[in-house]
Amino acid sequence: MSYGRIEHHPVLGPLPRAAALSFSFDGIEYTAREGDSVASALLAGGVRTLRLHEEHGSPRGIYCNIGHCMECRVTIDGISSVRACLTLVKDRMSILSGTVLPTPFRQETKTEGSPDL
Ligand code: FES
């Protein structure tokens, strides 16, 4: 049994086992099952934080799990901003978490009376 993966459903019973795949996330090796999304494979591996918020660096993870919120963006095999919830894991896939990116909207200088962000 792996962390976060349902092996035996209370109504459906034991779930069929799919072929095992290996992938890395931030340099750490994980095992997935064929048909897993990147998000579900990471969740099964105990990973909750997929990136950091661009403005304040808070941890972000799976939110909608249907491709709408963009909270699950990661870099896959060198391609940035890929939604983990919509992408199937492939064997030997290399995944990197999102990092804090510069934003053109951040005000770098604090003026008198402005709130601390
Ligand atoms: S979790 Fe919302 S787009 Fe992936």
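Analyst: What follows starts with the chain as a whole, then turns to the hairpin, its sheet and the core.

This is a predicted model, in which local features need pLDDT of at least 70 and side-chain atom pairs count only at pLDDT 80 or more, while totals for chains, interfaces and linings use all residues. Residues are numbered from 1 along each chain as its sequence is written.

The protein chain holds 1 helix and 9 strands, where helices (H or I, at least four residues) and strands (E, at least two) are DSSP runs numbered from the N terminus. Read from the N terminus, these elements run β-β-β-β-α-β-β-β-β-β. Of its 117 residues, 21% count as buried; a residue is buried if 20 or more other C-beta atoms lie within 10 Å of its own, exposed if 12 or fewer, and partly exposed in between, with C-beta atoms placed from the backbone. Among contacts with a separation of 6 or more, 45% are between residues 24 or more positions apart, a contact being two C-beta atoms, placed from the backbone, within 7 Å.

The hairpin is formed by β7 and β8, with 2 residues between them. The two strands pair in the antiparallel sense over 3 bridges, where pairing requires that DSSP finds at least two bridges between two strands. Val74 has Val82, in β8, as its bridge partner. In the loop between β7 and β8 (79-83) lies Asp77, which has a positive phi of about 45 degrees although it is not a glycine. Ser81, in strand β8, likewise has a positive phi, near 60 degrees, and is not a glycine. Such values stand out because most residues other than glycine have a negative phi. Asp77 counts as exposed because it has 12 C-beta neighbours inside 10 Å, and Ser81 counts as exposed because it has 12 C-beta neighbours inside 10 Å.

Thr75 belongs to strand β7 (residues 73-76), and it is partly exposed because 17 other C-beta atoms lie within 10 Å. Apart from neighbours within four places in sequence, Thr75 is in contact with Ser80, Val82, Ile95 and Leu96. The C-alpha atoms of Thr75 and Phe25 are separated by 9.6 Å, although these residues are 50 residues apart along the chain.

A nonpolar core is a set of buried Ala, Val, Leu, Ile, Met, Phe, Trp, Tyr and Cys residues joined through C-beta atoms within 7 Å. In the largest one, of 17 residues, Val38, Ala39, Leu42, Val74 and Ala84 touch the most other members. At least two residues of this core come from each of β3, α1 (38-44) and β7, and α1 gives the largest share, 5 residues. Leu42, leaving aside neighbours within four places in sequence, is in contact with Phe25, Val47, Leu50 and Ala84.
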